[in-house]
Structures are given as structure tokens and as C-alpha cells.
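Dear colleague,

Please find below the structure that I am handing over to you, followed by an account of what was found in it. I would be grateful if you read the two together.

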Amino acid sequence: MASDWAQEREWYRQMVLIRRFEEKCVELYSYEKIRGFLHLYIGQEAVAVGVMNALAAEDGVLASYREHGHALARGVSAKSIMAEMYGKLEGCSRGRGGSMHLFDASSRFYGGSAIVAGGLPLAVGMALADKMMKRNRVTVAFFGDGAVAEGEFHESLNLAALWQLPILFVCENNLYAMGTALRYTESETNLASKAAAYRLSAHQVDGMDIIGVAKAATEAVAAIRAGNGPVFLECLTYRFRAHSMFDAELYREKSEVETWKHKDPLLVLQKRLEESGQWEKIGADGIEKEVAAIIAEAVEFAENGTLEPLEDLEKFVYSPEVSA
Amino acid sequence: MSQTITYREAVREAIRKAMHDDERVFLMGEDVGHYGGCFAVSMGLLDEFGPERILDTPLSESGFTGAGIGAAMNGMRPIVEIMTVNFSLLALDQIMNNAASMLHMSGGQFNVPLVIRMATGGGKQLGAQHSHSLEGWFAHIPGIKILTPATVQDAYDMVLLALADPDPVLVFENPLLYNAKGELDTATAPLPIGRGKTMREGRDVTILSYGISVFKALEAAETLSREGIDAEVIDLRSLRPLDDAAIMESVRKTHRILIVDEGWKSGSISAEIMARINEQAFFELDAPMGRVCSAEVPFPYARHLEQSAMPQPEKIVASVHQMMEES
């Protein structure tokens with residue numbers, strides 16, 4: 001079926017875009033074009049792309065501080081994200097947010113939160129508003145395994161289940177909260193079973209396999225839209241790169257990283273497509289070229305961007321006065 | 001239209017009016033529904049508006065405050081009630097890292113039209129975890145506004161002013177005022193956020209205050225007037241933004257300043273006001289500025305200790321005496 005491989009080609013393209021975009025970010029970081037924290041998503045691309053695939057334009061998305069991939073998959077332009085990394089006025093947050101605070105109203109992308117689990121109550125409130133106003137929208141909150149230890153995680157799951165809110169919790173379990181393994185921080189490392197205690201529908205899915213993620217997300221979003229309350233999706237995934245640019249990775253064996261690289265979401269999808277004889281059709285070389293052009297354009301856009309004038313420093317602390 | 005009602009009724013009437021006028025307004029917090037509000041402010045509202053708009057929450061201050069922020073970002077006008085200021089510390093992450101920062105870190109894309117009401121202040125013998133006055137502390141944070149209604153009129157107006165504001169507004173109500181009666185005029189436009197109000201004109205000294213301390217200042221001013229000292233009393237009303245213009249105008253008029261603040265002295269809003277006067281009107285002063293604040297202790301239970309820890313009219317009078325002697 002032609003439409004099948006077109007879909008998978010698009011998933012592959014989006015994952016390659018995230019991968020190459022972040023590789024370029026690392027390069028630019030070494031040239032000091034990008035500063036601050038830079039948390040790379042490489043290895044986890046199937047989660048953002050697979051979940052975003054299930055959403056409609058009117059749905060809302062919140063993510064954590066490792067959110068370049070989510071922003072790109074949601075359709076925030078590579079240009080505006082790169083300009084944000086450069087601290088330029090043309091950035092998606094006008095250079096006020098940086099890597100950890102990407103925002104874009106037009107795609108209903110609500111950040112970009114750097115307090116672990118701090119975005120979850122917001123997602124609950126967004127879903128509450130939709131339910132109150134009887135809008136048929138879903139709110140998706142992405143967070144890592146580290147968030148599960150926070151009180152706000154538990155408060156949010158309880159509220160969402162109690163009020164039967166249209167919300168999809170996507171826990172990206174990459175096994176490490178910064179440099180501390182899940183087994184050192186959680187009494188129960190099966191996070192879906194922990195979430196299920198709040199009486200919401202909770203599932204584990206292989207987060208390295210985009211076809212599985214997309215299927216689970218599509219089913220979850222359909223159930224939520226049908227009014228069946230919140231869903232919790234634990235995506236088992238792995239971060240290939242260091243936590244941030246300051247991380248020497250002393251807490252995990254190189255062999256562990258190498259083992260997980262055999263499950264690289266790009267390879268997994270490639271294998272799936274090879275098995276079904278569709279790999280050649282998607283034209284991986286063409287995708288690489290297409291993505292390289294997007295990234296080159298984004299870098300040029302950011303390089304040519306403007307710095308916000310210093311006299312505007314205190315703008316956006318409060319809304320502009322509405323004249324009567 | 002003018003009527004005499006209690007401060008509690010004024011807050012309730014403002015919430016009722018807002019909920020009738022705007023379907024986006026809803027109230028949520030601990031015990032606001034079936035219990036009728038910890039201080040009975042929301043009594044009857046559950047019956048009137050139903051559980052969809054009067055939401056009893058679990059004891060999850062961070063969770064439901066954050067939910068208020070999210071709902072505000074998604075088109076609603078929530079009123080979040082936090083039982084006491086000490087409990088608001090459990091929601092400080094949401095207030096500081098999300099509500100106050102959202103507009104700026106999103107480059108102006110997402111404002112947060114949220115109202116958070118909470119009880120503040122001591123004097124009820126509730127000990128060290130229910131009695132503090134942290135509104136001055138919250139006033140340190142850019143991105144939020146801090147209102148401290150003292151009068152029945154402001155108890156009403158400030159709920160509506162806060163709801164009309166596009167940004168997060170924290171309203172600090174002192175439970176000792178809930179039974180206080182006063183005039184409510186709903187026909188006149190309210191004094192805007194950021195404007196102080198002169199409660200008593202005077203020539204000799206200005207007492208700057210807010211919240212319940214305004215009444216202590218007024219009582220002290222009466223005592224002083226019997227001694228021939230004519231004190232001006234200003235209700236600051238808003239701690240962020242502060243009404244610098246009104247403060248400096250009064251400095252230029254009386255040349256003596258006493259600040260009464262139920263917060264602790266160190267790093268307080270009273271310190272901030274003194275610093276601003278120093279910056280903007282230092283040469284107008286005839287005497288060193290003074291202040292009456294709470295003793296720097298976690299509030300004690302025993303009545304005599306607690307009362308002694310708080311600003312009182314006698315202390316205000318004594319401080320004015322000292323100031324008059326110094327100049």
C-alpha cells in the first residue's frame with residue numbers, strides 16, 4: 001500500500017531531521033555559537049515523532065528541557081529553533097528561552113520546562129480547560145523517568161484520573177535521571193505499573209520502534225478523545241549522548257551504550273522497511289539531502305538573525321498595557 | 001450602589017459576579033466546595049454554580065496551582081484558593097518557575113491570567129506554620145502582582161481587578177478581617193492595581209502600611225492626634241507594583257516616614273520601601289525612617305507571645321514619638 005511507506009518515509013525523515021539537527025547543534029556548541037545547557041535527544045527520536053503523529057493541530061503539547069526533538073516533530077520550524085539556540089530575536093522564544101524553553105503558540109507547543117515534572121500540572125490545567133469548555137482536544141505531556149520521583153508527577157496523575165481529563169502522559173524512560181540510574185532511585189522501576197495505581201490506563205511500549213510507538217499513541221489519543229480519561233504511556237528508550245555538554249558519562253558502561261545503539265530507532269525502522277521490501281522506496285539518500293538543506297537554511301537564518309535591543313530587556317515581564 | 005457588608009461577603013460577591021459575567025471564571029482549591037471554604041468565603045457557591053466550576057481539590061497545592069496556570073494559558077480565568085500563605089510554599093515552584101516566568105521565557109507568547117487568593121497573617125494562635133505574612137517575600141518576584149486588600153471595598157474590587165489583569169495576581173486576605181464590616185460601593189470604578197490610598201490625611205508623619213496593619217496604623221493615628229501629632233496613613237494596597245508616586249508625594253508632605261509591616265524586618269517589603277525613598281526622596285526627610293515589623297521568630301502559639309511578636313498600635317505610637325524626638 002503506497003500510503004504506508006509514505007507515512008514511514010515521513011517518520012524516517014523527521015527522525016533524521018532531529019538527529020542531524022542535534023548533531024549540528026553539538027558542532028555549533030563547540031564553536032560557542034550555542035551556549036547554556038544543551039540536552040540532546042539523540043536515540044529517543046521515535047518517541048516524539050511517533051506520538052506527535054497521533055495528534056491533531058488543535059491539540060496541546062508540553063515537554064521537558066530535552067525538547068528539541070519534540071518541537072521539531074510538532075512542526076516548530078528548524079529555523080526558529082536554531083535562532084533560539086543562537087539567542088536571536090527571530091528565535092521561537094525571541095532568544096529569551098534558549099534550548100530548554102522552546103515555545104510556539106502557532107503549533108500549540110507550550111515548552112520547554114526545565115523543572116523536572118513542573119510541566120505536568122500545567123498539562124492537567126490545559127486539559128481541564130478543554131474539558132470545561134467542551135473542546136475536543138488532547139493535551140500531551142512529555143517527561144522523563146526522573147519526573148516519576150517528583151511530587152508534582154503524583155499530584156498530576158491523581159488530578160487527571162480523578163477529573164477524567166483528556167491528557168496523554170508520555171514517560172520517556174531512558175533509564176537515567178541525569179547520571180543516576182533508575183534502579184538507584186525508584187522502588188518500583190516499572191513506571192507504567194506505578195502509574196496504573198492512579199486508576200488510569202497505563203502501558204509500556206518499546207520506545208525505539210516508531211511503528212509501535214505510533215500505534216500505541218494513536219490508540220491512546222483515540223481513547224482519550226472518546227472521553228475515556230487519561231492514558232499513561234511509558235516508552236522504553238535510551239539517550240545515546242551525554243546528559244548535557246558537561247557530562248563525562250562516568251555512570252554508565254560504554255558497552256551498555258553500544259548495546260542500545262543496535263536498537264537505534266533509525267536502524268529499527270530501516271530493518272522493518274527492508275523486511276517488507278520498502279526500504280529502497282523511501283530514498284534515504286534523498287532524505288539526508290533534504291534534511292541537510294533544512295539545517296543549512298536554519299543555521300544561515302540564525303547567523304543572520306538580529307539581537308534584541310538592550311532597551312527591550314524588561315519586555316514580557318508583564319503583558320503590555322491594554323489601552324482603554 | 002452602596003451597602004454595608006462583611007469583608008468575607010465582599011470577596012464572595014466579587015467571585016459570584018465574576019462567575020456570572022464570565023463563563024471562563026472558576027474557583028478551585030482545598031475545601032472550597034462541599035465544606036464552603038476554610039474561612040467560609042465560598043459558602044453557597046457550589047450550590048449556585050455546580051461542581052464543574054467550584055472544584056474541590058486534593059491536598060496538592062503544587063498540582064492544582066499549576067493546573068490553574070495551565071487552564072489560564074488555555075483560555076480560562078481561574079481563581080485558585082490556597083488555604084494559608086504557609087501552604088503556598090508547596091506551590092512556590094509553580095508560582096515562581098511557571099506563573100511568573102512564562103510570559104518572559106516564551107518571548108511574550110503565553111500570558112497567565114491567573115488569580116491566586118490566600119490567607120495571610122498572624123493573631124489567631126495558629127503557631128509557626130499558619131501565621132506568617134509572606135506577601136512581601138512574594139513581592140520580590142518579577143512577573144506577578146501582589147495585592148493586599150484591607151477594606152471591604154478592596155476585598156471586592158481586588159478580586160475583579162485581579163481577574164481583569166492579563167498576568168498572574170496574588171491576593172492576600174487576612175482572615176481576621178473576614179468578619180469586618182464596611183461600605184461597598186459597586187457603582188464607582190475601582191482604584192487600579194498599583195495605586196495606594198490615603199486613608200487619613202496628616203502633616204507631621206506618614207505611616208505606610210497594608211492589609212490589617214492599616215487599621216492598627218489608623219488607631220495609632222487617633223492616639224497621636226490626641227497628643228497633637230497629625231499622622232497621615234497610606235494603605236499601599238499593592239506591594240508589587242508599589243505606588244512610588246504616592247509614597248514620595250507623602251514624603252515631600254510630612255518629611256517623616258514610618259512603615260508598618262507584619263512581615264519580618266530582614267529583607268522585607270518595608271526595607272524595599274525605605275530603599276526607594278532613599279533613592280528618590282532622601283533629602284526630603286527630616287528624620288531617619290522607622291518601621292514596625294514582626295519580631296524575627298517563627299510565630300509562637302501563646303497569645304501574649306504572638307501578640308508581642310506582631311505590630312501593635314502602641315508600638316506604632318512609640319515609634320512615632322521616637323521619630324518626632326529625633327527631628
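In chain B, 78% of the contacts with a separation of 6 or more are between residues 24 or more positions apart; two residues are in contact if their C-beta atoms, placed from the backbone, lie within 7 Å. The corresponding share in chain A is 75%, again for residues 24 or more positions apart among contacts with a separation of 6 or more.

Some conventions come before the details. This is a predicted model, in which local features need pLDDT of at least 70 and side-chain atom pairs count only at pLDDT 80 or more, while totals for chains, interfaces and linings use all residues. Residues are numbered from 1 along each chain as its sequence is written, and chains are lettered from A and ligands numbered from 1 in the order in which they are written. The mean pLDDT (the predictor's confidence in each residue, from 0 to 100) of chain B is 97, and 100% of its residues reach 70 or more. For the complex, the predictor gives an ipTM of 0.95 and a pTM of 0.96.

Chain B contains 13 helices and 14 strands. Helices (H or I, at least four residues) and strands (E, at least two) are DSSP runs, numbered from the N terminus. The C-alpha trace of chain B spans about 60 × 45 × 40 Å along its principal axes. Its radius of gyration is 20 Å, which agrees with the value near 20 Å that a compact globule of 327 residues would have; the radius is taken over C-alpha atoms, and the globule rule is 2.2 Å times the number of residues to the power 0.38. Of the 327 residues in chain B, 57% are buried. A residue is buried if 20 or more other C-beta atoms lie within 10 Å of its own, exposed if 12 or fewer, and partly exposed in between, with C-beta atoms placed from the backbone.

Chain A has 12 helices and eight strands. Its radius of gyration is 19 Å, close to the 20 Å from the globule rule for 324 residues, so chain A is as compact as a globular protein of that length. The C-alpha atoms of chain A fill a box of roughly 60 × 50 × 45 Å along the principal axes, and 52% of its 324 residues count as buried. Helix 2 of chain A (residues 45-52) is mostly covered, with eight of its eight residues buried; among them are A:E45 and A:M52.

The interface between the chains

Contacts between the chains involve 34 residues of chain A and 34 residues of chain B. On the side of chain A that touches chain B, strand 2 (109-112), helix 5 (120-132) and helix 6 (151-162) of chain A are the elements that give two or more residues. Helix 5 of chain A gives the most, with 10 residues. By class, this side of chain A has 17 nonpolar, 11 polar and six charged residues. Here Ala, Val, Leu, Ile, Met, Phe, Trp, Tyr, Cys and Pro count as nonpolar, Asp, Glu, Lys and Arg as charged, and the others, Gly among them, as polar.

The domains of chain B

Chain B is divided into domain 1 (2-185) and domain 2 (197-326), with bounds that come from an automatic or database domain assignment. The centres of the two domains, taken over C-alpha atoms, are separated by 26 Å. In chain B, 23 residues of domain 1 are in contact with 22 residues of domain 2. Helix 7 (135-138) and strand 6 (145-147) of chain B each supply at least two residues of the side of domain 1 that touches domain 2, and strand 6 gives the most, with three residues. That side of domain 1 has nine nonpolar, 11 polar and three charged residues.

Two strands pair if DSSP finds at least two bridges between them. In chain B, strand 2 runs parallel to strand 4 (residues 77-82), joined by five bridges, and B:V25 has B:R77 as its bridge partner there. Strand 2 of chain B also runs parallel to strand 3 (residues 54-56), with three bridges; in strand 3, B:I54 is the bridge partner of B:L27.

B:I54 is also one of the contacts of B:L46, leaving aside neighbours within four places in sequence; the others are B:G33, B:H34 and B:P51. B:L46 lies in helix 2 of chain B (residues 45-49) and counts as buried because it has 20 C-beta neighbours inside 10 Å.

With kind regards
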